[in-house]
Amino acid sequence: MSERAATEIIIIGGGIIGAATAYRLTLAGARVTLLDTGEPGRGTSGSSFAWLNSAHKPPRAYHDLNMAGMAEHVALGREFAAAPWLHPVGGLSWSVTSAGQAQLRADAACQRAWGYTLEPLPTERAIAELEPGLALDPAVVPELWYAPDEGWVDVPALIRRLLAHAVERGATIRPHATVKAIATVGDRATGVTLADGTALATDVIVNCAGPHADVVAALLGWELPLDRLPGLLAITGPTHPSGRCVCHADDITFRPDPGGGLVLAHAEDLDRTVDADTPLDPPPAACAEALDRAARAYPAVRAAGIAAARIGVRPLPRDGVSIVGRIPGYANAHIAVTHSGVTLGPLLGRLLAGEIMGGEQSAQLAPFRPERFAAVG
């Protein structure tokens, strides 16, 4: 008797979730073709602040999912015997105002009640032991809040590692491949047609298209409630001293960059000044404001200057939390889209692959099913 043919699976999107799903599916014996409109890892995943965390992520089920996502990165590192993409450097938060400090204490109480590790540190100790480049006056900022389990991820490096393992197990990676149509028969997706006219047959489709997940969903007749949020990253030249932690001030957040500088981000007012088509050479004017804000706490960035800028367009499901699972109305079409892609990517890839290959739904994903939105019309 001949062996049963391997399941043919098309993944649309080569970001962190698509790459993690491809890796897990190939481990389970599937034949995977991953399609990306550009180069895998160079879209939103490659332009993310890449903060590994579960801070300020209600409701409780979403907080817990992100906590599991943080642990999954550590577990993946053990699986690979090394995790050079993972930088568990901890996070520091502070405010220069009394109102902001009171809010940090209130937030910490809520997060600690949900099992999140946060501890107050005197400012002098936090600077001496964790972030020597900070210049904060203890009379103004008496304490910083330290989250030791937080960190940041070198997402392009992780995606390369995941896809290399997938390719070793037979996966096909097709860059610059835009899906223009999805063929269906009844409740099954049977194949895709690419912009160049190529037709590919499949047993299963997985939509991991990030900020374009709604465009792909529309090809199946589903109106996916998704917003797109541009996010500006300003990257400085090398600083002396080098940054260590993920740092959260009142109006800017920064973390180390692999090039020796700092990545400045998470300023909503500055994000509103850019969009996906904003030119990056020279860097947008908002980068100078980001530098000024960071320099108030970390003076070394002023001499370092702005070396580059990136804009990442982040997907945000309309109700704020992940959408993961089988697409309503279809037996073999699945989706995974979330605003917390970096934290959740490896976890969602493993859980979704398990559902596709094993058929048993994960209890962890129960609150995040696509069924909570309108079914296919």
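Glu72 counts as buried, at 9% relative accessibility; here buried stands for under 20% relative accessible area, exposed for over 50%, and partly exposed for what lies in between (1.4 Å probe, protein chains only). The model is predicted, so local features need pLDDT of at least 70 and side-chain atom pairs count only at pLDDT 80 or more, while totals for chains, interfaces and linings use all residues. Residues are numbered from 1 along each chain as its sequence is written, and side-chain values use heavy atoms, with hydrogens and water left out.

The side chain of Glu72 meets that of Arg350 in a salt bridge, at 2.8 Å from N to O. The term salt bridge is used for a side-chain nitrogen of Lys or Arg within 4 Å of a carboxyl oxygen of Asp or Glu. Because Glu72 belongs to helix α2 and Arg350 to helix α10 (residues 341-358), this pair ties together parts that are 278 residues apart in sequence. Helices (H or I, at least four residues) and strands (E, at least two) are DSSP runs, numbered from the N terminus. Arg350 is partly exposed, at 35% relative accessibility.

In total, the structure holds 16 salt bridges. Another of them joins the side chains of Glu79 and Arg24, again described from N to O, at 2.8 Å. This pair links distant parts of the chain, 55 residues apart, with Glu79 in helix α2 (residues 60-80) and Arg24 in helix α1 (residues 16-27). Arg24 is buried, with a relative accessible area of 14%, whereas Glu79 is partly exposed at 38%.

Asp214 and Arg228 also form a salt bridge, and their closest N and O atoms are 2.5 Å apart. Asp214 sits in helix α6 (residues 213-218) and Arg228 in strand β14 (residues 226-236), so the pair ties together parts that are 14 residues apart in sequence. With a relative accessible area of 15%, Asp214 is buried; Arg228, at 36%, is partly exposed. Elsewhere, a network of salt bridges links Asp251, Asp269, Glu289, Arg293 and Arg296.

Attention now turns to a strand and its partners. Strand β7 (residues 143-147) is largely enclosed by the rest of the structure, because four of its five residues are buried. Strand β5 (residues 91-93) pairs with β7 in the antiparallel sense over three bridges, where pairing requires that DSSP finds at least two bridges between two strands. Within this pairing, Trp145 of β7 is the bridge partner of Ser93. Strand β6 (residues 119-122) also runs antiparallel to β7, and four bridges join the two. Leu121 stands opposite Leu144 of β7.

Helix α3 (residues 98-113) has 16 residues and reaches 23 Å from its first C-alpha to its last, close to the expected 22 Å; the expected span is 1.5 Å times one less than the number of residues. Its buried residues are Gly100, Gln101, Leu104, Ala108 and Gln111. Seen down the axis of α3, these residues fall within an arc of 95°, so they line one face of the helix; the arc is that of the directions from the helix axis to the C-beta atoms. On the other side of α3, Ser98, Ala99, Cys110 and Ala113 are exposed. Strands β5 and β7 are among the parts that cover the buried residues of α3. After α3 comes Gly115, whose phi is positive, near 90°.

Rings of Phe, Tyr and Trp (its six-membered ring) pair if their centres lie within 6.5 Å, and planes under 30 degrees apart count as stacked, over 60 as edge-to-face and the rest as tilted. Trp94 and Phe254 form an edge-to-face pair, with 6.4 Å from centre to centre and 65° between the planes. Trp94 lies in the loop between β5 and α3 and Phe254 in strand β16 (residues 253-256), so this pair ties together parts that are 160 residues apart in sequence. Both Trp94 and Phe254 are buried. Ring pairs also link Tyr23, Phe80 and Trp85 into a cluster.

Finally, Ile306 lies in strand β18 (residues 306-317) and is partly exposed, with a relative accessible area of 27%. Leaving aside neighbours within four places in sequence, Ile306 is in contact with Ala234, Ile235, Thr236, Leu264, Pro283, Cys287 and Leu291, contact being heavy atoms within 4.5 Å.
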